Amino acid sequence: MKNVFIAGGGLAGLVSACLLAKKGVAVTLAERKTYPFHRVCGEYISNETIPFLKSNNLLPDLHLPQINQFQLTSVNGKSAELTLDLGGFGISRYTLDHFLYQQAISLGVNVLLNTEVEDIRFENEMFEIKTNHQTLQADVVLGAFGKRSRLDVKLHRDFIQARSPYAGIKYHIRTNHPSNTIALHNFKGGYCGISEVDGNKQTLCYLTHRNNLKQYGNIADMEKAVLYKNPFLKSIFENAEFLYVKPEVINEISFARKTPVTNHILMTGDSAGMITPLCGNGMAMAIHSAKIASELVLEFCNNRVTRTELEREYTHKWNALFARRLWAGRQIQKLFGAEWTSNLAVNLVGRVKPVAGWLVKQTHGDIF
Ligand SMILES: Cc1cc2nc3c(=O)[nH]c(=O)nc-3n(C[C@H](O)[C@H](O)[C@H](O)COP(=O)(O)OP(=O)(O)OC[C@H]3O[C@@H](n4cnc5c(N)ncnc54)[C@H](O)[C@@H]3O)c2cc1C
C-alpha cells in the first residue's frame with residue numbers, strides 16, 4: 001500500500017486523513033499548530049454536509065443549533081429576511097477540529113503537531129517533504145494548508161503574487177440572537193456574520209477591506225467608526241458579552257482563482273480555491289473536496305488508476321463541483337459593503353424572494 005502525506009490539519013486535511021486511514025492507508029498529517037485552537041471562521045456549516053459527516057462519524061454528538069432563517073441588513077440598517085431551503089448548523093471550529101483530530105488519532109493517523117511544512121518536491125514518482133523538524137517521503141501529497149501559506153510561495157502559485165485587500169476578524173460573544181437565524185450585516189467596506197454555535201454562544205465574524213483598518217489604526221476604533229454606522233451592529237457591539245480578551249485576526253484573504261493540482265499535489269479546501277465567506281459554504285466545500293480527493297487517492301493506492309488519471313479525474317471533479325460556486329460567490333460579493341448595493345441586496349431579499357433563494361442556491365451544493 002502506498003503512503004499519503006497531508007499538509008495542514010483544518011477541515012479538509014483532517015477529514016481526508018480520517019477517510020483514508022479508515023480504509024487502511026498509512027497517513028501522516030502535519031499541522032503547524034496544536035489543537036484545540038480558535039480560527040477566523042463564521043462557523044455556520046451548510047446542511048449539505050450532514051449525511052456524509054454522520055455516516056462517517058465525523059460530527060460530535062452535541063446539541064447543535066439548527067439555522068434556517070437568514071437576515072440581511074444594509075449599511076444604513078435596512079433589514080430583510082429569507083427562509084433558507086437547505087439551512088445549516090452552528091459549531092465552533094475549536095470544538096469541531098479538535099473532535100476530528102481525536103478521530104484521526106483513534107484511526108491511526110500519524111499526526112505531527114507544531115510541524116510546519118516548508119517545502120514539497122516531486123521527483124521519480126515520490127514526494128520529498130521538508131518540515132521544520134524532519135524530511136519525509138510519500139507516494140501522494142494532499143495540500144490542505146488553507147487560504148494562504150508560505151508553501152504557496154515555495155510552490156510558485158500565481159495567486160500569491162498579488163496582494164489581497166481583505167482581513168477577517170472573529171469573536172465569540174453572548175447576546176440575544178435567535179438560535180435559528182444567521183444574520184449578515186453590511187458596513188462600509190465589509191460585512192459581518194452572526195450565528196449561534198455550541199455552548200450557548202454566538203460567533204461574530206467579519207470581513208473588512210484593509211483600508212478601514214489603515215484609516216482608523218486599530219480594530220476597536222475602526223469598529224466604532226465604521227461598523228457602528230449599521231444600527232444592528234452598534235446594538236450587538238454595545239450589548240454583547242465578548243468572550244475573548246482579543247479577537248482572532250487574519251490578513252490577506254484572497255478569493256483569486258487557484259488550481260486544484262499543483263506540482264502533482266492534490267489541493268483540497270481553501271488551498272484549491274476559497275469561496276467568499278458571505279456564502280457560508282467554505283467548510284462544506286473543504287469537506288466535500290476532502291471526500292472526492294480521498295476516494296480517488298484510494299483508487300491510486302490500490303493501483304486501480306495511474307497518477308496521470310488521478311490528477312486528471314480530480315481536476316475534472318473539482319471543477320464540476322466547485323468552479324461555478326466560487327464564481328457566483330465573487331459576483332454576489334459585489335453587492336456587499338457599499339450603501340446603495342447593500343440596499344439593493346436587501347430589497348432583493350425582501351421583495352423578490354425566489355430570485356434571492358436562487359442566488360443562495362448558486363453558492364451551495366447538493367447533499368452528499
Ligand atoms: C471571515 C471568514 C468567515 C468565514 N465564515 C464561514 C462560514 O460561516 N461558513 C463556512 O462554511 N465557511 C466560512 N469561512 C471559510 C472557511 O473558514 C474555510 O473555507 C475553511 O476553513 C477551509 O478549510 P481548510 O481545511 O481548507 O483550511 P483551514 O481550516 O484554514 O486549515 C488549514 C490548516 O493548515 C495549517 N497550515 C497552513 N500552512 C501550513 C504549513 N505550511 N504546514 C503545516 N500546516 C499548515 C493551518 O494552521 C490550518 O490549521 C469563512 C472564512 C473567513 C475568512
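A residue counts as buried if 20 or more other C-beta atoms lie within 10 Å of its own, as exposed if 12 or fewer do, and as partly exposed in between, with the C-beta atoms placed from the backbone. Helices (H or I, at least four residues) and strands (E, at least two) are DSSP runs, numbered from the N terminus. The model is predicted: local features need pLDDT of at least 70 and side-chain atom pairs count only at pLDDT 80 or more, while totals for chains, interfaces and linings use all residues. Residues are numbered from 1 along each chain as its sequence is written.

**Stop one: the whole chain.** Show everything, and you have eleven helices and 18 strands in view. The C-alpha trace spans about 60 × 40 × 35 Å along its principal axes. Of the 368 residues in the chain, 46% are buried.

**Stop two: helix α1.** Now select residues 11-22.

How many of the twelve residues of α1 are buried? Eleven are, so the helix is largely enclosed by the rest of the structure. Among them are Leu11, Gly13, Cys18 and Ala21.

**Last stop: glycine 24.** Step just past α1 to find glycine 24, which takes a positive phi of about 90°.

Key. The expected span of a helix is 1.5 Å times one less than its number of residues.
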